[in-house]
Amino acid sequence: MATEPGQARDPRPTLAVWKFASCDGCQLTLLDCEDELLGLTERVRIDHFLEMTPAEGADREHARLDGRGPYDLSLVEGSITTAEDAERIQHIRRISRYLVTIGACATAGGIQALRNFADVEDFLAAVYAQPEYIATLETSTPISAHVPVDFELRGCPIDRRQLLEVITAYLAGRKPQISNHSVCFECKRRGTTCITVAHGTPCLGPVTHAGCGAICPAYGRGCYGCFGPSSKPNLRSMVAQLRHDGMSERDVQRVFRTFNAASPEYAPVPDLAAEERQGPSA
Ligand code: SF4
Ligand code: SF4
């Protein structure tokens, strides 16, 4: 909390955690760092984190937000889905020295970005008894579509080891060492036989960002891409492989439209899937 008048100044950098449209799972990853959390609080002062604030305090914190900060490190979860969100993220950017987005919602629009491919009014009418009370944008967009972001951490939810690395790197004044290779790399490292090669199981591992330790293939199921795109994904080959492994054109489109639906890297997928149906042009 803020230093009171007459108190010695707290030398620790301040940390703030913010939420937009999301399920809170990525914030919970910070609370899941049970063994490291106390050590972490010796190095940073957690100054704003409603998820771990008692309800009464959370109300107070929310009311006092204006005029607070600046914060040294802000972790931002969730996507921008309302006009109020779009204003609030501008304010948070202004009061944050280093801003890191955490999770698929914040880095790629989240599952709520499925609205970007449909008419949001249809969803409102289907879900709410009185849709006229809902004020929402037509799209769900990543934080980086609105403000400059210093680092993006992928995953749905994020991986706790990667989160700790990002915070540790910030404290050490260095770049986070989060490798952007694919899930395939993690399969090889843990000695998992490739389920596509061995069994023809459709798997997004070749184009998906590492971080989960390749959990799904280790249990015999294909990766469905919850960590979002890896660096420079070869989508043309991936789409051809998925079609070869039995996925329909529609299923190929759908498998990329999950947690990272608004990811710009995935934008060419519908065209590639259609091209695959017609056969590559000469
Ligand atoms: S990325 Fe996944 S776990 Fe994180 S807030 Fe969004 S839906 Fe929840
Ligand atoms: S879907 Fe892919 S990225 Fe997500 S946990 Fe499974 S293997 Fe990892």
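Entry 1, ligand 1. I listed the residues around ligand 1 and found S22, C23, D24, G25, C26, E77, G103, A104, C105, G155, C156 and P157. "Around" here means that one of the heavy atoms of the residue lies within 4 Å of the molecule. Two elements give two or more residues to this shell, α1 (25-31) and α5 (104-108). I use DSSP runs for the elements: helices are H or I with at least four residues, strands are E with at least two, and the numbering goes from the N terminus. By class, I get 6 nonpolar, 4 polar and 2 charged residues for the shell of ligand 1. The classes put Ala, Val, Leu, Ile, Met, Phe, Trp, Tyr, Cys and Pro under nonpolar, Asp, Glu, Lys and Arg under charged, and the others, Gly among them, under polar.

Conventions. I am working on a predicted model, where local features need pLDDT of at least 70 and side-chain atom pairs count only at pLDDT 80 or more, while totals for chains, interfaces and linings use all residues. Residues are numbered from 1 along each chain as its sequence is written, chains are lettered from A and ligands numbered from 1 in the order in which they are written, and side-chain values use heavy atoms, with hydrogens and water left out.

P157 sits in the loop between β5 (151-153) and α7 (160-172). Both C156 and P157 are on the list for ligand 1.

I looked up Q112 in the loop between α5 and α6 (120-127). Its relative accessibility is 19%, so I record Q112 as buried. The cut-offs are under 20% relative accessible area for buried, over 50% for exposed and partly exposed in between, with a 1.4 Å probe and protein chains only. Setting aside neighbours within four places in sequence, I find Q112 in contact with A21, S22, S79, T81, C105 and S140. Contact means heavy atoms within 4.5 Å.

Around ligand 2 I found T208, C212, C216, P217, C223, Y224, G225, C226 and F227. That shell divides into 7 nonpolar and 2 polar residues, with no charged ones.

A214 is not a glycine, yet I read a positive phi of about 55° for it. A214 lies in the loop between α9 (195-199) and α10 (215-218). Its relative accessibility is 0%, so A214 goes down as buried. K232, also not a glycine, has a positive phi of about 45°. I place K232 in the loop between α10 and α11 (235-244). With a relative accessible area of 78%, K232 is exposed.

Which residues are buried in α11? I noted L235, M238, V239 and L242. Down the helix axis, the buried residues of α11 fall within an arc of 95°, so they line one face of the helix. The arc is that of the directions from the helix axis to the C-beta atoms. G246 follows α11 and has a positive phi, near 105°.

I found A261 in the loop between α12 (249-256) and α13 (269-278). A261 is buried at a relative accessible area of 6%. Leaving out neighbours within four places in sequence, A261 is in contact with A108, G110, A113, L114, F117 and F256. From A261 to G69 I have 33 Å, C-alpha to C-alpha, at 192 residues apart in sequence. D271 belongs to helix α13 and is exposed at 58% relative accessibility. D271 and R236 are 35 residues apart in sequence, with 9.8 Å between their C-alpha atoms.

I count 13 helices and 5 strands. The radius of gyration is 21 Å, close to the 19 Å of the globule rule for 282 residues, so the protein is as compact as a globular protein of that length. The radius is taken over C-alpha atoms, and the rule is 2.2 Å times the number of residues to the power 0.38. Along the principal axes, the C-alpha atoms fill a box of roughly 75 × 50 × 30 Å. Of the 282 residues, 46% count as buried. Among contacts between residues at least 6 apart in sequence, 73% join residues at least 24 apart.
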